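Please look over the structure below with its pockets and its loops in mind. The report after it takes these two topics in turn.

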Amino acid sequence: MKISLEWLSKYVDLSPYSADDIEKALTMIGFEVEGIHQTGLPPMENLVVGKVLEKEPHPDADRLNVCQVDVGQDVPVQIVCGATNYKVGDSVPVALPKCVLPGDFKIKKSKLRGVKSEGMMCSARELGMGEDHSGLLILDNPPATGTSINDVFPAGDTVFDIEVTPNRPDCLSHLGMARELAAYFCLDLVYPEVNTSVVRPDAAPRHLVGKISIETEENCPHYQGWSIRGVKIAPSPKWLQKQLTAVGLRPINNVVDITNYVLMELGQPLHAFDAAKISGSQIIVRMAQQGEKITTLDEKERTLEDYMMVIADAQRPLVIAGVMGSVTAEVDDSTVDIFLESAYFKPSCIRRTSRRLALSSDSSYRYERGVDPSGAEFAAMRAVDLILQCAGGELAGPPLVAGESLELKQEIEITANYVRKSIGFDAPDAEIARVFESLELELDEFTSNEGEHTFCVGIPSFRLDLQRRADLVEEFLRIYGTDKIPSTPVTITSTIHEDSPLATFQQKAATLLVGQGFNECVHYPMRSEVDVAQWVAPEELDQLALANPLASDQSHLRASVLPGLLDAVKLNRSRHNDPRRLFEIGRAFRSHEGKLWEVLYIGFVLVPQSEQSWKKREEDDFYTAAALAQKILSVAGINVTSKDFALISDHAAWQQGQAAQVGGFTQGWSAEFGMLDVTMLSDKGIDDCVFAGGLYFLPAFLDQGADRSAFKAFSLYPPATRDLALVVDQSVPAGVVQAKLESLSAKSTQGAFAVESVSIFDIYQGKGVEDGKKSLAFSIRFRSVERTLNDEEVNKAFEFIQAKIQEEADYRIRS
C-alpha cells in the first residue's frame with residue numbers, strides 16, 4: 001500500500017522526523033517498508049522558465065513551428081517545437097543544452113528538418129510531474145524568464161510503499177497509519193473534520209431512492225445511502241488530484257475521486273451511483289442469479305454465480321457488491337444527482353467473489369480483510385462534505401438506512417504485572433496505560449481483589465484482531481519499542497538428544513529415493529474436492545473438507561501426495577522437460593473409524609520417457625514400483641514379499657488388476673503401488689501409463705523404532721532343488737499359490753532340514769493348457785546347515801508337497 005507523507009501530515013505532525021526516521025518507525029511497529037520514492041519535480045540544472053516571443057511555421061514540416069524563446073540570456077534562443085497548445089507570450093519550461101530530463105534524456109543542440117534547435121520546451125510528463133503529454137506545460141503567473149523551474153514548483157511528496165499484514169485492515173488507510181505513528185512518536189492524532197449531520201430536522205428529506213432492502217442480511221448487515229442533488233461533474237481540484245496521483249490512483253472526476261480519497265483516507269469503500277440511472281427508485285442488496293451478467297467498469301462482461309452478492313435496482317444488478325461497479329449506473333459528465341453508498345459486507349463473501357472472478361480492486365482488498373463495522377457512517381459524512389465542497393449540490397436529508405450497524409464490543413482485563421511478566425522486564429504502569437490509550441483503546445483502571453493494578457481494555461470496532469491478553473502485550477511491546485528491551489546474557493544448558501525416529505526415517509527414505517534417481521517435490525497439503533474424492537471413500541470426504549477454504553482448488557486436506565506429483569508431471573511436460581522420477585514426502589490425512597489422523601506420506605511416480613534418446617532404457621513396470629515400495633518399507637523395518645500383496649480392485653485412482661496393496665491402518669502403515677488409472681490420467685492431460693507408489697505411516701508406529709535384524713549363520717552345504725509346475729485358474733494370483741506351497745513345504749521336512757525358498761520362475765498359457773487356465777512353475781530349494789542332503793529325503797519331502805497341494809487346493813500338477 002502506498003502512503004503519502006504529505007497526506008499523513010494532515011492527521012499527525014511528523015515535521016520533526018525525516019523519511020528515514022519514519023521508515024525505521026514503521027519497521028519497528030511491524031510494517032515492512034518495501035520502498036520510498038519522491039514525487040514532483042526532481043532537481044535539474046539548465047531547466048528554466050522561458051517566454052515565447054515569436055512562433056513561425058517550419059519551412060519543411062507542416063506540424064513543427066520555429067520559436068524564438070526568451071530564457072533570460074542576452075539573446076533569445078531558437079527552438080523547434082511540435083506542440084500546438086501554446087501561443088506567443090506564454091511562459092513554459094525550457095530545457096537548455098546539458099540538461100538531463102527524467103529517463104536520462106540529455107538535451108543538446110541539434111537540427112530538426114534542417115533548422116537549428118537550441119533546447120526543448122517541455123510537457124508535464126517530460127518533467128516527471130504527471131502523465132499529461134498532450135501539450136506544453138503552460139505556467140500560470142510565471143516568474144522572470146531564466147528562473148530555475150525548481151524554484152517555481154514546490155518540493156514533491158514522499159511516498160512509502162508499505163506491506164500491511166492481513167490481520168491489520170485498520171492500517172489500510174492514511175488515518176490508520178497515522179494512528180500507529182502518533183502512538184509510536186507520542187504525538188496527537190487529528191481526525192478529519194466532518195460538518196455533515198445525520199439528522200437534518202430543518203428540512204423534509206427529498207431522497208433520490210425510495211427504498212433500500214436487504215435480502216441477504218448474513219452477508220450485508222448494514223447499508224446506508226445518501227442523496228445529493230444538483231452536483232456539477234468536473235475535474236477534481238489540484239490538491240485532490242495530487243493526493244490521489246501520489247498513491248498511484250488516476251483522477252477521473254470530482255465525485256469519483258472523492259470516494260477514492262475517502263477510501264484511502266479512512267479505509268472505508270464507498271460507491272457513487274448516477275441516481276437517474278437507478279430503475280424503480282429502489283436499491284436491493286441480494287445474491288446474484290445463476291448466470292446473471294454484468295459489465296463492470298473495466299468494460300468486461302462478467303457472468304455471476306448464485307453465491308455472489310450484488311447491489312441491484314428493480315431491473316438489473318448495478319454493482320458486484322464490495323468489488324466493482326458497472327457501466328450501467330456510473331457517474332459521468334451528464335450526472336446531476338448522485339446516490340452515495342456506504343455499507344458493511346461480510347469478508348468471506350467478498351473474498352470468494354473476487355477470487356472466482358479474478359477481479360481485485362482497492363475496495364475488495366479492504367472488504368475481504370474486514371473494514372470497521374462501525375465506520376460506514378463517518379466515512380459517508382466525510383465524503384458528503386467533500387462532494388458539497390468540490391462538486392456543489394445539496395444534501396437531500398438524512399441517509400436511507402437498511403439493517404443495523406454491528407456493535408462489536410469487547411473488553412479484556414489485564415494486569416500490569418501480567419504485562420511485565422510476559423515481556424520479561426520492568427515497565428511502569430503509567431507507560432502501559434499511555435500506550436493503550438495512544439492506540440485509542442478505551443481504558444478503565446482499578447485495583448483487583450488481589451491488590452493488583454488492573455486495566456479493563458475496551459477494544460474498538462476497528463481492532464477486531466485484539467482478542468486475548470497476549471494480543472495486548474504484543475501491542476504494548478510493539479509501540480513501546482522492542483529496541484528498549486534490556487540486553488541480558490542468555491544461559492542455555494545444552495543437551496544431546498537423538499533425532500526423532502520420524503525425522504530419521506524421513507531423511508533415510510528421501511536419501512534412498514534420491515539415490516534411485518528421483519527428484520523431490522513439495523506441494524501444499526490442500527487439494528480440490530475432485531482430487532481428494534479419487535483417493536478416499538465418500539464417507540471420508542466430508543471429514544477432510546475445510547470449514548473456510550481460501551480457494552476452491554484447496555478445499556480439502558489431501559489424503560495422498562500423488563495428485564500433486566501428477567500436477568508436477570503435467571507442468572514439466574508442458575515446459576518440454578522430461579520428469580521421469582518424482583517423489584514427495586509430507587503430511588497427509590486419513591480417516592479411520594470416524595476419526596481423522598495425520599500421517600507421514602511417501603509418494604513416487606515413474607513416468608515413461610517422453611523425449612528421444614540415443615539409448616532406449618528398460619521401461620518401468622509394476623515390479624519396479626513394487627520393488628521401490630519394498631525398499632522404503634525395509635527402511636522402516638518392515639519386510640514384505642510378493643506373497644503379502646493383495647490385488648487392488650474398484651479403486652478410482654488405481655488401474656484395475658494392475659496395482660497391489662499391503663499393510664493397513666491397524667498395522668500402523670500401508671502401501672499401494674502399481675499402475676495409475678488411465679482414465680484419471682487422461683482427465684489430467686497425461687496420456688502415458690504412469691506407475692506409482694503411495695505409502696503412509698502413523699507417527700506412533702515410527703516412534704517405536706525399527707527392529708534390528710539379528711545375524712543368522714548361513715549353511716556351508718549345497719542346496720537341493722526341485723521344480724514343480726501347477727495348472728491353476730487364470731484368476732488365481734501367483735502369490736496365493738506361492739504362499740500355499742511355502743506352507744506345505746515347511747511341513748514336508750518335519751524340521752529335519754529347511755526349505756530355504758519357494759520362487760516362481762515361469763508363467764505359461766497356450767498349447768497344452770486349457771482355456772481359462774495358466775501354468776505356474778516354482779523352484780523349491782531345500783538345505784541343511786549340518787550336512788549334504790540326499791535324494792531320498794529330498795524326494796520324500798517333494799512327494800509330500802505334490803500330494804498335499806492337489807489334496808488341499810484345486811490345482812493340477814503339470815507333467
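## Basis

This is a predicted model, in which local features need pLDDT of at least 70, side-chain atom pairs count only at pLDDT 80 or more, and totals for chains, interfaces and linings use all residues. Residues are numbered from 1 along each chain as its sequence is written, and side-chain values use heavy atoms, with hydrogens and water left out.

## Largest pocket

The largest pocket has a volume of about 1300 Å³, a volume being the space filled by probe spheres set on grid points joined across faces, edges and corners. A pocket here is an open set of points on a 1 Å grid over the protein atoms alone, where a 1.4 Å probe fits, with protein on both sides within 12 Å along at least five of seven lines; lining residues have an atom within 4 Å of a point. Its lining numbers 39 residues, and Ala 124, Met 129, Gly 130, Lys 238 and Lys 242 lie nearest the centre.

Helix H5 (238-246) supplies the largest share of this lining, five residues; helices are DSSP runs of H or I, at least four residues, numbered from the N terminus.

## A loop residue

Asn 253 lies in the loop between helix H5 and helix H6 (254-266). Asn 253 is buried, with a relative accessible area of 5% (buried means under 20%, with a 1.4 Å probe and protein chains only). Leaving aside neighbours within four places in sequence, Asn 253 is in contact (heavy atoms within 4.5 Å) with Ile 233, Ala 234, Ser 236 and Val 331.

## Second largest pocket

The second largest pocket holds about 800 Å³ of space. Of its 30 lining residues, Ile 252, Val 256, Asn 260, Leu 297 and Met 324 are the closest to its centre. H6 gives the most to this lining, with four residues.

Note on methods:
Helices (H or I, at least four residues) and strands (E, at least two) are DSSP runs, numbered from the N terminus. Buried means under 20% relative accessible area, exposed over 50%, partly exposed in between (1.4 Å probe, protein chains only).
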